[in-house]
Amino acid sequence: MQRIAIYPGSFDPVTNGHLDIITRGLTLFDKIIVTILENPAKNALFTVPERMDMLQKTLKKFNGRIEIASDDGLVVDYAVKRNAAAILRGMRAVSDFEYEFQMALMNRKLNRDIQTVFLMTGLRWIFTSSSIIKEAAKFGGNIDGMVPAYVKRKIMQKYPIETKGGKKGKMK
Ligand code: PNS
(Lines give C-alpha, C1' and ligand atoms only; values in the text may rest on other atoms or scores of the structure.)
Protein backbone atom coordinates (compact mmCIF):
# COMPACT_ATOMS: atom_id res chain seq x y z
CA MET A 1 0.00 0.00 0.00
CA GLN A 2 1.25 3.45 -0.92
CA ARG A 3 1.98 5.92 1.88
CA ILE A 4 0.29 9.11 0.74
CA ALA A 5 0.49 12.55 2.37
CA ILE A 6 -1.40 15.72 1.62
CA TYR A 7 0.82 18.80 1.69
CA PRO A 8 -1.73 21.61 2.03
CA GLY A 9 -1.07 25.31 1.79
CA SER A 10 -1.85 28.60 0.11
CA PHE A 11 1.23 28.33 -2.14
CA ASP A 12 0.82 31.99 -3.08
CA PRO A 13 3.32 31.38 -4.61
CA VAL A 14 5.41 28.23 -4.07
CA THR A 15 8.84 29.05 -2.59
CA ASN A 16 12.14 27.21 -2.29
CA GLY A 17 11.17 26.55 1.34
CA HIS A 18 8.13 24.57 0.13
CA LEU A 19 10.35 22.64 -2.30
CA ASP A 20 12.67 21.80 0.59
CA ILE A 21 9.75 20.34 2.60
CA ILE A 22 8.55 18.34 -0.41
CA THR A 23 12.05 16.91 -0.94
CA ARG A 24 12.24 15.89 2.72
CA GLY A 25 8.68 14.58 2.68
CA LEU A 26 9.47 12.26 -0.21
CA THR A 27 11.91 10.39 2.03
CA LEU A 28 8.95 9.43 4.23
CA PHE A 29 6.04 9.12 1.81
CA ASP A 30 5.63 7.34 -1.51
CA LYS A 31 3.44 10.11 -2.88
CA ILE A 32 2.69 13.69 -1.86
CA ILE A 33 -0.41 15.50 -3.05
CA VAL A 34 0.43 19.20 -2.97
CA THR A 35 -2.97 20.77 -2.42
CA ILE A 36 -3.93 24.42 -2.69
CA LEU A 37 -6.58 25.17 -0.08
CA GLU A 38 -8.22 28.33 1.07
CA ASN A 39 -6.73 30.15 4.03
CA PRO A 40 -9.52 32.59 5.02
CA ALA A 41 -6.99 34.79 6.82
CA LYS A 42 -5.08 35.59 3.62
CA ASN A 43 -5.80 37.60 0.48
CA ALA A 44 -4.12 35.80 -2.37
CA LEU A 45 -2.01 37.61 -4.96
CA PHE A 46 -2.29 34.78 -7.49
CA THR A 47 -5.42 32.98 -8.67
CA VAL A 48 -5.70 29.24 -8.00
CA PRO A 49 -4.94 28.39 -11.69
CA GLU A 50 -1.86 30.66 -11.55
CA ARG A 51 -0.67 28.97 -8.36
CA MET A 52 -1.28 25.53 -9.89
CA ASP A 53 0.70 26.51 -12.97
CA MET A 54 3.68 27.61 -10.86
CA LEU A 55 3.53 24.38 -8.84
CA GLN A 56 3.32 22.29 -12.01
CA LYS A 57 6.30 24.04 -13.60
CA THR A 58 8.52 23.83 -10.52
CA LEU A 59 7.62 20.32 -9.35
CA LYS A 60 8.20 18.65 -12.72
CA LYS A 61 11.50 17.24 -11.47
CA PHE A 62 9.71 15.05 -8.90
CA ASN A 63 7.80 13.34 -11.69
CA GLY A 64 5.42 10.58 -10.70
CA ARG A 65 5.57 10.99 -6.94
CA ILE A 66 3.94 14.41 -6.74
CA GLU A 67 0.43 15.40 -7.68
CA ILE A 68 -0.89 18.95 -7.67
CA ALA A 69 -4.47 19.56 -6.66
CA SER A 70 -6.82 22.16 -5.22
CA ASP A 71 -9.91 21.93 -3.10
CA ASP A 72 -12.28 24.33 -1.39
CA GLY A 73 -13.14 22.32 1.72
CA LEU A 74 -11.48 20.99 4.84
CA VAL A 75 -8.04 19.48 4.54
CA VAL A 76 -9.02 16.39 6.56
CA ASP A 77 -11.96 15.68 4.24
CA TYR A 78 -9.70 15.98 1.23
CA ALA A 79 -7.17 13.64 2.89
CA VAL A 80 -9.89 10.99 3.34
CA LYS A 81 -11.06 11.43 -0.24
CA ARG A 82 -7.49 10.81 -1.47
CA ASN A 83 -6.69 7.91 0.89
CA ALA A 84 -3.95 9.93 2.55
CA ALA A 85 -2.77 8.91 6.00
CA ALA A 86 -1.10 12.19 6.87
CA ILE A 87 -1.05 15.94 6.48
CA LEU A 88 2.46 17.26 5.94
CA ARG A 89 3.41 20.71 7.21
CA GLY A 90 6.69 22.55 7.37
CA MET A 91 7.87 24.16 10.57
CA ARG A 92 10.31 27.02 10.44
CA ALA A 93 10.85 28.83 13.72
CA VAL A 94 9.10 28.83 17.10
CA SER A 95 6.84 31.55 15.72
CA ASP A 96 5.12 28.95 13.52
CA PHE A 97 4.42 26.66 16.42
CA GLU A 98 1.27 28.11 17.97
CA TYR A 99 -0.64 28.39 14.70
CA GLU A 100 0.51 24.96 13.49
CA PHE A 101 -0.28 23.36 16.86
CA GLN A 102 -3.78 24.83 16.86
CA MET A 103 -4.43 23.74 13.30
CA ALA A 104 -3.08 20.21 13.89
CA LEU A 105 -5.24 19.77 16.99
CA MET A 106 -8.33 21.06 15.21
CA ASN A 107 -7.65 18.70 12.32
CA ARG A 108 -7.26 15.82 14.78
CA LYS A 109 -10.57 16.78 16.43
CA LEU A 110 -12.22 16.74 13.00
CA ASN A 111 -10.72 13.39 12.06
CA ARG A 112 -8.71 11.25 14.48
CA ASP A 113 -7.42 8.94 11.74
CA ILE A 114 -5.39 11.59 9.92
CA GLN A 115 -2.00 12.38 11.46
CA THR A 116 -0.17 15.68 11.03
CA VAL A 117 3.54 15.29 10.35
CA PHE A 118 5.81 18.30 10.81
CA LEU A 119 9.15 18.57 9.09
CA MET A 120 11.76 21.20 9.87
CA THR A 121 12.82 23.30 6.91
CA GLY A 122 16.49 23.64 6.06
CA LEU A 123 18.17 26.47 7.99
CA ARG A 124 18.49 28.65 4.90
CA TRP A 125 14.70 28.83 4.55
CA ILE A 126 13.95 29.59 8.17
CA PHE A 127 13.17 33.27 7.54
CA THR A 128 11.37 32.97 4.23
CA SER A 129 7.66 32.81 3.53
CA SER A 130 5.54 33.56 0.49
CA SER A 131 4.28 36.72 2.24
CA ILE A 132 7.67 38.19 3.10
CA ILE A 133 9.04 37.35 -0.37
CA LYS A 134 6.07 39.11 -2.04
CA GLU A 135 6.55 42.13 0.20
CA ALA A 136 10.25 42.36 -0.60
CA ALA A 137 9.55 42.02 -4.34
CA LYS A 138 6.77 44.59 -4.23
CA PHE A 139 9.18 47.23 -2.96
CA GLY A 140 12.03 46.34 -5.28
CA GLY A 141 13.94 43.87 -3.11
CA ASN A 142 15.97 41.09 -4.66
CA ILE A 143 14.34 37.69 -4.23
CA ASP A 144 16.87 35.61 -6.17
CA GLY A 145 17.35 32.18 -4.67
CA MET A 146 14.19 32.32 -2.56
CA VAL A 147 11.78 31.19 -5.27
CA PRO A 148 12.32 29.24 -8.51
CA ALA A 149 13.23 31.47 -11.48
CA TYR A 150 9.83 30.87 -13.13
CA VAL A 151 8.03 32.00 -9.98
CA LYS A 152 10.25 35.07 -9.71
CA ARG A 153 9.19 36.07 -13.23
CA LYS A 154 5.53 35.64 -12.30
CA ILE A 155 5.94 37.79 -9.17
CA MET A 156 7.67 40.49 -11.21
CA GLN A 157 4.76 40.52 -13.65
CA LYS A 158 2.44 41.29 -10.73
CA TYR A 159 4.65 44.17 -9.55
CA PRO A 160 6.02 45.58 -12.81
CA ILE A 161 6.35 49.22 -11.80
CA GLU A 162 7.53 48.96 -8.23
CA THR A 163 10.24 46.34 -8.72
CA LYS A 164 12.25 47.60 -11.72
CA GLY A 165 13.72 44.10 -11.91
CA GLY A 166 14.25 43.50 -8.19
CA LYS A 167 17.73 44.95 -8.04
CA LYS A 168 17.69 46.17 -4.44
CA GLY A 169 19.27 44.19 -1.61
CA LYS A 170 21.37 41.68 -3.53
CA MET A 171 21.84 38.61 -1.33
CA LYS A 172 25.29 38.52 0.31
O1 PNS B 1 0.10 28.11 3.52
P2 PNS B 1 -0.90 28.38 4.62
O3 PNS B 1 -1.68 29.63 4.33
O4 PNS B 1 -0.26 28.41 5.99
O5 PNS B 1 -1.92 27.14 4.60
C6 PNS B 1 -3.02 27.10 5.48
C7 PNS B 1 -4.06 26.09 4.96
C8 PNS B 1 -4.54 26.47 3.58
C9 PNS B 1 -3.42 24.70 4.93
C10 PNS B 1 -5.25 26.07 5.98
O11 PNS B 1 -5.82 27.34 6.06
C12 PNS B 1 -6.31 25.03 5.59
O13 PNS B 1 -6.13 23.85 5.86
N14 PNS B 1 -7.43 25.50 4.96
C15 PNS B 1 -8.53 24.64 4.57
C16 PNS B 1 -9.63 24.62 5.67
C17 PNS B 1 -9.18 23.73 6.82
O18 PNS B 1 -9.22 22.52 6.74
N19 PNS B 1 -8.65 24.38 7.90
C20 PNS B 1 -8.02 23.69 9.02
C21 PNS B 1 -8.96 23.25 10.12
S22 PNS B 1 -10.21 24.37 10.57
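This short talk goes through some backbone details and the ligand site of one predicted model.

Phenylalanine 11 is not a glycine, and yet its phi is positive, at about 45 degrees. Is phenylalanine 11 buried or exposed? Its relative accessibility is 3%, and the cut-off for buried is under 20%, so phenylalanine 11 counts as buried.

A positive phi turns up at asparagine 83 as well, with a value of about 60 degrees, and this residue is not a glycine either. Where is asparagine 83? Asparagine 83 is placed in the loop between α3, residues 75-81, and β4, residues 86-91. Its relative accessible area is 63%, and exposed means over 50%, so asparagine 83 is exposed.

Now to the ligand. Where does the ligand sit? It sits in the largest pocket. How many residues surround the ligand? There are 15, and the closest are Ser10, Glu38, Asn39, Lys42 and Val75.

What kinds of residue make up this shell? Seven are nonpolar, five are polar and three are charged. As for where they come from, β1 and α4, residues 94-110, each supply at least two residues of the shell. The element that gives the most is α4, with four residues.

Next, some individual contacts. Glutamate 38 has a polar backbone atom 2.9 Å from a nitrogen atom of the ligand. With lysine 42, the side chain is what takes part: one of its polar atoms lies 2.7 Å from an oxygen atom of the ligand. Valine 75 uses its backbone, with an N or O atom 2.9 Å from an oxygen atom of the ligand. On its own, the ligand has 540 Å² of accessible area, and the protein covers 82% of that.

To sum up the site, the ligand is in the largest pocket, with 15 residues around it.

Notes. Residues numbered from 1 in each chain as written. Predicted model: local features only at pLDDT ≥ 70, side-chain atom pairs only at ≥ 80, totals over all residues. Heavy atoms only, no water. Buried < 20%, exposed > 50% of the residue type's maximum accessible area, 1.4 Å probe, protein only. Near = heavy atom within 4 Å. Polar contact = N/O pair within 3.5 Å; in protein donor to acceptor, adjacent residues only side chain to side chain. Areas by Shrake-Rupley, 256 points an atom, 1.4 Å probe, with all protein chains shown as cover. 1 Å grid on protein atoms, 1.4 Å probe; cavity = no way out; pocket = protein on both sides within 12 Å on 5 of 7 lines; lining within 4 Å. Sits in = over half its atoms within 2 Å of the grid points. Nonpolar A, V, L, I, M, F, W, Y, C, P; charged D, E, K, R; others polar.
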